[in-house]
Amino acid sequence: MRNKKNQGLSGEQDNECFLDKTLVKTFDNHRYQVKLGKCYHVAMTSYPKNDPESPTQKQNIPKDSRVSVLAKETEGGKKVLKVTLGEKEIKLTPSDTQRAEVTIDDKKVDLSKKRSYQEKQEEKVLFEVLKQEDRSIKIISDKYDIKIVYDGSRAKLEAGDRYRSSVRGLCGNKDGEPEDDQQTPKGCLLQRPEEFAATYALTSDEKCEGPARQNAEKARKSKCSPRMIKPGNVISEKEAGRKSDDKDSREDDEDQEKRCTRHRTMVKKSTDEICFSLRPVPKCSSKCSPSSTKPKNIQFYCVSRSSASEKIAERIENGANPDLSQKKVSKTENLEVPVSCKP
């Protein structure tokens with residue numbers, strides 16, 4: 001189970017959530033500033049998916065997807081993480097001598113670069129905790145399909161495809177859409193990141209200190225918006241007539257590509273059946289076009305045309321991304337999909 005490749009916190013990849021000192025990058029590449037204070041916030045927690053065949057019903061969370069990650073700050077601005085995998089709790093705290101300390105169910109675990117810790121159940125490994133070359137701590141779990149890297153000040157979370165559109169918290173909802181990441185537990189989209197973050201703070205905890213309680217009160221009074229307007233400049237540097245260096249231009253181009261690219265369930269209709277891609281497929285938004293494409297094998301789940309299947313197709317056309325990954329493959333087609341999109 002050990003991943004021999006030493007992967008620390010340097011670099012950023014898509015589908016990873018990054019908790020820096022004051023910055024959060026969500027699974028869907030939305031970035032915002034936040035101060036947690038000495039109050040636990042939900043960085044990521046499992047959330048029941050909608051039943052694709054019964055939109056008003058929720059599916060039960062599978063046992064191997066019951067994951068939560070809480071984060072808070074210390075006096076010195078470092079991070080404390082509390083990770084729950086099933087029934088097991090892993091606590092990661094900063095240390096003056098070795099970057100991070102690990103406790104599992106309140107018992108301290110001693111690690112070295114040559115000795116890891118494995119939690120087993122019926123001879124099967126539930127998760128493994130490693131100390132890396134840079135002394136950061138890495139948690140790997142094939143069972144729960146999650147990886148976490150922690151160095152005392154920052155944390156990086158990588159969650160598998162099973163969590164698509166089925167997580168909530170500071171890391172967003174992992175649906176491929178950065179615009180709706182600031183979604184509260186009640187489904188509201190809040191414009192101010194500090195208010196959004198506070199809705200995931202455990203303010204009922206007597207030990208909760210910092211701005212969370214005040215921001216949570218502001219969040220309760222804020223307008224519940226169905227769409228999020230991203231904070232920041234609505235006019236680009238170029239449009240305002242200000243000079244921008246090459247780095248800014250490259251970042252603008254990258255941001256435009258991310259805004260143009262969507263991940264949507266593909267729908268193909270024929271006379272007697274409707275087929276849905278098992279997983280969301282890259283697609284350019286209405287005002288964008290592909291800058292490059294590549295062939296990709298797309299797996300489809302097909303059902304007979306009926307009022308029920310037509311309703312599912314209509315929901316998808318309105319923006320829903322139902323989880324069909326557990327459905328049986330009806331057919332596979334090789335189709336051209338965009339690698340990136342441009343305005």
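The torsion about the S-S bond of Cys39 and Cys208 is about -95° in this predicted model, so the disulfide (a pair of cysteine sulfur atoms within 2.5 Å) is left-handed. The two sulfur atoms lie 2.1 Å apart, and the pair links distant parts of the chain, with Cys39 in the loop between strand E3 (31-33) and E4, and Cys208 in the loop between H1 and H2, 169 residues apart. Helices (H or I, at least four residues) and strands (E, at least two) are DSSP runs, numbered from the N terminus. Cys39 has a relative accessibility of 1% and therefore counts as buried, and Cys208 counts as buried at 5%; buried denotes under 20% relative accessible area, exposed over 50%, and partly exposed in between (1.4 Å probe, protein chains only).

Because the model is predicted, local features need pLDDT of at least 70 and side-chain atom pairs count only at pLDDT 80 or more, whereas totals for chains, interfaces and linings use all residues. Residues are numbered from 1 along each chain as its sequence is written, and side-chain values use heavy atoms, with hydrogens and water left out.

A search of the whole structure finds 6 disulfides. When the bonded cysteines of the protein chain are numbered in sequence order, the pairing reads 1-3, 2-5, 4-6, 7-10, 8-11, 9-12. One of the disulfides joins Cys17 to Cys171, with an S to S distance of 2.0 Å. This pair also links distant parts of the chain, Cys17 being in strand E1 (residues 16-19) and Cys171 in the loop between strand E17 (167-168) and H1, 154 residues apart. The torsion about the S-S bond of Cys17 and Cys171 is about -75°, so this disulfide is left-handed. Cys17 is buried at 0% relative accessibility, and Cys171 is buried at 0% as well.

A further disulfide joins Cys188 to Cys224 (S to S 2.0 Å), and with -100° about the S-S bond this link is left-handed. Cys188 lies in the loop between E17 and H1, and Cys224 in the loop between H2 and helix H3 (246-260), 36 residues apart. Cys188 is buried, with a relative accessible area of 16%, whereas Cys224, at 44%, counts as partly exposed.

In helix H2 (residues 212-221), the buried residues are Ala212, Asn215, Ala216 and Ala219. Seen down the axis of H2, these residues fall within an arc of 105°, so they line one face of the helix, the arc being that of the directions from the helix axis to the C-beta atoms. The face of H2 turned away from the buried side carries the exposed residues Gln214, Arg220 and Lys221. Strand E4 (41-46) and helix H1 (193-198) are included in what covers the buried residues of H2, where contact means heavy atoms within 4.5 Å.

Elsewhere, 4 strands form an open antiparallel sheet in the order E19-E20-E22-E23. Strand E19 (267-269) and strand E23 (331-342) stand at the edges with a single partner strand each, so one side of each is left without a neighbour in the sheet. The twist averages 35° from one strand to the next. E19 and strand E20 (residues 273-277) pair in the antiparallel sense over 3 bridges, pairing requiring at least two bridges found by DSSP between two strands, and Val267 stands opposite Phe276 in E20. Helix H4 (residues 307-317) lies across E19, E20 and strand E22 (289-304), running at about 40° to E20; axes are lines fitted to C-alpha atoms, for helices over the stretch in contact, and angles run from 0 to 180 degrees between N-to-C directions.
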